[in-house]
Amino acid sequence: MATTTVSFAVRTHVGTRTVDVAYERSGTGEPLVLLHGIGHHRQAWDPVLRILAAEREVIAVDLPGFGASPALPHGLAYDLRTMVPVLGAFFGAVGVARPHVAGNSLGGLLALELGRERLVRSVTALSPAGFWTQGERRYAFGVLRAMRGAALAMPMPLIERLSQSSPGRTALTSTIYARPGRRSPGAVVAETVALREATGFDQTLEAGLTVAFTDDVPDVPVSIAWGSDDRLLLRRQGVRARHVIPGARLVRLPSCGHVPMNDDPAAVARVILDTSR
C-alpha cells in the first residue's frame with residue numbers, strides 16, 4: 001500500500017493549527033481506523049491488515065510525532081484534549097464520518113476517548129493505557145524509557161545483526177511481543193528505528209503522567225482485549241477497565257503480549273470485526 005500524507009486545519013484550545021498525518025488505506029466496506037501505541041508506527045497492524053481489509057476500508061494511521069507523521073506544530077501538547085480534536089479533524093480530512101476505530105496501548109486510550117466523544121461507531125481497545133495504578137504506570141513508563149534508551153544507544157549494524165536471529169529479535173522486542181520470533185527481521189529493524197526516531201515520544205510520555213481513564217463510554221459498542229502475557233500493561237488492568245466501562249466486552253487473548261496483532265492476528269482481527277459488526 002502507498003503511504004499518503006494529508007494536511008488539515010484543526011481547532012484546539014490554543015487556536016487553529018495545521019497538522020500533517022501519514023496513513024495507508026486499503027480494502028472496502030465500512031471505514032475502520034487503526035491507531036498504534038507510543039513509540040510504534042502504523043506497521044504494527046500489518047499482520048491483521050489483510051484479514052480486516054476483506055470486510056472493512058482500513059485506514060492505518062501514523063500518529064503525529066511517530067512513524068512517517070511529522071511532530072505536532074509548536075505549542076500543541078500531545079495530550080488527550082489535543083489529540084482527540086486532531087483525530088476528529090483527520091476523519092473529516094480523509095472523508096470518513098464516525099468510523100469504527102481500533103487502537104493498541106496509547107492508541108487504545110485514544111480510541112476510547114473518541115468513543116466517549118461519540119466521534120466513532122465502535123471501539124476496540126487492545127491493552128489500552130489509562131487503567132493503571134500509579135505504581136503500574138511508573139513501572140510501564142520505566143520500561144518504555146529503557147526501550148527508547150536502548151534503541152537510541154544501539155548502532156544500526158547491531159540492530160540489523162540482532163534482527164537476523166530469533167534470540168536477537170527476542171532481545172529487541174520481547175517486552176511487547178509474546179512471540180517475538182514471529183516478527184520478520186525487516187519489521188524488527190523498522191520498528192526499532194521508529195522508536196528511536198519518534199519525535200513525539202517524550203512529550204507523549206509526559207502527558208501520560210496525569211492520565212487516568214475514569215469515565216464510561218455510553219452508546220458506543222466497546223470491546224477491551226488484553227493479552228494474557230502482556231508484560232508492559234499487566235492484564236489485571238483489563239478488569240479495572242471493565243468496571244469503568246460496564247457495557248464493554250472484555251476479551252482475553254491467550255499467549256499474546258502487549259502488541260497482540262503479531263502474536264495472534266486471527267484472534268485480534270476477530271475481536272475487531274465482531275465489535276464493528
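Student: By its relative accessibility, does Ser105 count as buried or exposed?

Tutor: Ser105 counts as buried, because its relative accessibility is 7%. Buried means under 20% relative accessible area, exposed over 50%, and partly exposed in between, with a 1.4 Å probe and protein chains only. A word on the basis: this is a predicted model, where local features need pLDDT of at least 70, side-chain atom pairs count only at pLDDT 80 or more, and totals for chains, interfaces and linings use all residues. Residues are numbered from 1 along each chain as its sequence is written, and side-chain values use heavy atoms, with hydrogens and water left out.

Start with the backbone. Ser105 sits in the loop between β5 and α3. Helices (H or I, at least four residues) and strands (E, at least two) are DSSP runs, numbered from the N terminus. The phi of Ser105 is positive, about 60°, although the residue is not a glycine. Most residues other than glycine have a negative phi. At the other end of the helix, α3 is followed by Arg118, whose phi is also positive, near 60°. Another case is Ser127, with a phi near 45°. Ser127 lies in the loop between β6 and α4. Ser127 is buried, with a relative accessible area of 0%.

Now follow the chain into α3. Ten of its eleven residues are buried, so α3 is largely enclosed by the rest of the structure. The buried set runs Leu106, Gly107, Gly108, Leu109, Leu110, Ala111, Leu112, Glu113, Leu114 and Gly115. What covers them? The cover includes strands β3 (30-35), β5 (100-104), β6 (122-126) and β7 (222-227), along with helices α2 and α8.

Take α2 from that cover. Two packed helices are described by the angle between their axes and the distance between the axes. Helix α2 (residues 80-93) meets α3 (residues 106-116) at an angle of about 75°, and their axes are 10 Å apart. Axes are lines fitted to C-alpha atoms, for helices over the stretch in contact, and angles run from 0 to 180 degrees between N-to-C directions. That angle makes α2 roughly perpendicular to α3. The bands are: under 35 degrees roughly parallel, over 145 roughly antiparallel, 65 to 115 roughly perpendicular, and the rest oblique.

Who touches whom? From α2 come Leu80, Met83, Val84, Leu87 and Phe91, and from α3 come Leu109, Leu110, Glu113 and Leu114. Contact means heavy atoms within 4.5 Å. By class, this contact has eight nonpolar residues, no polar ones and one charged. Ala, Val, Leu, Ile, Met, Phe, Trp, Tyr, Cys and Pro count as nonpolar, Asp, Glu, Lys and Arg as charged, and the others, Gly among them, as polar.

Next, the empty space. Rolling a probe the size of a water molecule over the atoms shows where such space is left. On a 1 Å grid over the protein atoms alone, a cavity is a set of points where a 1.4 Å probe fits but cannot get out, and lining residues have an atom within 4 Å of a point. Grid points are joined across faces, edges and corners, and a volume is the space filled by probe spheres set on the points. The count is one cavity of 30 Å³ or more. The largest cavity holds about 280 Å³ of space. It is lined by 25 residues, and Leu106, Leu109, Ala129, Thr204 and Gly208 are closest to its centre. Helices α2, α3, α4 and α8 (201-207) each give at least two residues to that lining. The lining has 20 nonpolar, four polar and one charged residues.

One more buried residue is worth a stop. Met261 lies in helix α10 (residues 260-263). Met261 is buried, at a relative accessible area of 0%. Leaving aside neighbours within four places in sequence, Met261 contacts Ala44, Trp45, Pro47, Val48, Asn104, Leu126 and Val268. Met261 and Asp46 are 215 residues apart in sequence, with their C-alpha atoms 8.1 Å apart in space.

Note on methods
On a 1 Å grid over the protein atoms alone, a cavity is a set of points where a 1.4 Å probe fits but cannot get out, and a pocket is an open set with protein on both sides within 12 Å along at least five of seven lines; lining residues have an atom within 4 Å of a point.
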